[in-house]
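This briefing covers confidence, helix geometry and core packing for the structure shown below. Please read it alongside the coordinates.

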Amino acid sequence: MEQKPWRKVLYERQGYPDNFVDRGQFLNGLKKNLYTRTYAFTEVLVATGVVTQELSCVCLFVSVYWYVQEGWVSPFSLLLGGVAAIGGCGLLFVLFQSPHKLLNGFVISDYMSSSVIFVCFLCGVSPILKTLTESISTDTIWAMTVGMLLIHLLFYNYGSEGEKISNAISLNAAIFASVCLASRLPQTLHVFVIVTFAVAMFALFPHLRAEANALNRPVTQPLVTFSLVSCAAPLMGTVSLTGLAFYLISVAFITLLCPVWLVRLQSLKNNIYGPWDEATISTDP
């Protein structure tokens, strides 16, 4: 008796074993790249701005610290500029909030109270921070600073929601690096100014950038990236030509080479789907 052809029917006895595979029909259900997302070059180019911005912030902080340490900028000038910058950023942050929050006054009151508490606390602990690492050699301080800044860049939240991303680790590493550097400054006022600048750069400025990107990311992201690179590159050039070269190479690699690389590698994707995959429930009618 001739056996009937096998059909892909679950509730019917066909005389075939449960693990039977019809070699003639097995690859008919093969599909490729069903759920693959295609990235445009401009989209990836804008997305890399987050990495470039944080790298530029680190270079700005190191350059400003070097200016203060060498006496090229007085702490009073930096303090006045920092107050103006923080005030301007705070105003922009308030303007980015919803009208409901502004009417209730929560944003302004929280911002002012937090600023006053931080300034008073930092004024009290600045003498302690200055003498905190006196027993540690300067070479060790430089090594710890480089390591903490690398940890800050590594764990910074660039927009993903992975388990390995931790804003707390990133912020603490940046503040720890600023404390290490500030402990090598000559006066308490210098310590206060540098740590304040670090908090503004690594704690407040990312929130402002996030609020700006929430409004119109395709416009604000390239604008902020260009502004930070334009500020960081000249300052880094006056501090170290080697550091400037490394910074520009890193920016070119992140902003230009990586997007081109990712877009070209999309053609090599080959995700296959077929009858061997687990069944999924579809809610489509």
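In helix H7, the buried residues are Ser170, Ala173, Ala174, Ala177, Ser178, Val179, Cys180, Leu181 and Ala182. The model is predicted, with an average pLDDT of 79 for the protein.

**Confidence**
- A pLDDT of at least 70 is reached by 78% of the residues.
- Residues 102-106 have a pLDDT below 50, and this stretch makes three contacts in the model beyond near neighbours in sequence.
- Where pLDDT is low, the predicted coordinates should not be read in detail.

**Helix H7**
- H7 runs over residues 167-182, which makes 16 residues.
- At 1.5 Å a residue H7 should span 22 Å, and the C-alpha atoms at its ends are 22 Å apart, so the two values agree.

**Helix H9**
- H9 comprises 25 residues, 241-265. From first to last C-alpha it reaches 34 Å, close to the 36 Å expected at 1.5 Å a residue.
- A bend of about 35 degrees occurs in H9 at Phe253.
- Ser240 caps the N-terminal end of H9, with a side-chain oxygen 3.4 Å from the backbone nitrogen of Thr242.
- Buried positions in H9 are Leu244, Tyr247, Ser250, Val251, Ile254, Thr255 and Pro259.
- These buried residues of H9 pack against helices H1 (41-47), H2 (49-70) and H8 (188-239).

**Largest nonpolar core**
- The largest nonpolar core has 43 residues, of which Ile194, Phe202 and Tyr247 touch the most other members.
- At least two residues of this core come from each of H2, H5 (106-130), H6 (138-155), H7, H8 and H9.
- H8 gives the largest share of this core, with 18 residues.
- Tyr247, one of the core residues touching the most other members, is also among the buried residues of H9.

**Phe202 and Phe197**
- Setting aside neighbours within four places in sequence, Phe202 contacts Glu54, Cys57, Val58, Phe61, His152, Leu171 and Ala174.
- Phe197 is a residue of helix H8. Phe197 counts as buried because its relative accessibility is 18%, under the 20% cut-off.
- With neighbours within four places in sequence again left out, Phe197 is in contact with Leu60, Phe61 and Val64.
- Phe197 and Ser178 are separated by 19 residues in sequence, and their C-alpha atoms are 9.0 Å apart.

Terms used
Residues numbered from 1 in each chain as written. Predicted model: local features only at pLDDT ≥ 70, side-chain atom pairs only at ≥ 80, totals over all residues. Heavy atoms only, no water. Helix = DSSP H or I, 4+ residues; strand = E, 2+ residues; numbered from the N terminus. Expected span 1.5 Å × (residues − 1). Buried < 20%, exposed > 50% of the residue type's maximum accessible area, 1.4 Å probe, protein only. Bend = angle between axes of the 7 residues up to and from the residue. Contact = heavy atoms within 4.5 Å. Polar contact = N/O pair within 3.5 Å; in protein donor to acceptor, adjacent residues only side chain to side chain. pLDDT = per-residue confidence, 0-100. Core = buried A, V, L, I, M, F, W, Y, C linked by side-chain atoms within 4.5 Å.
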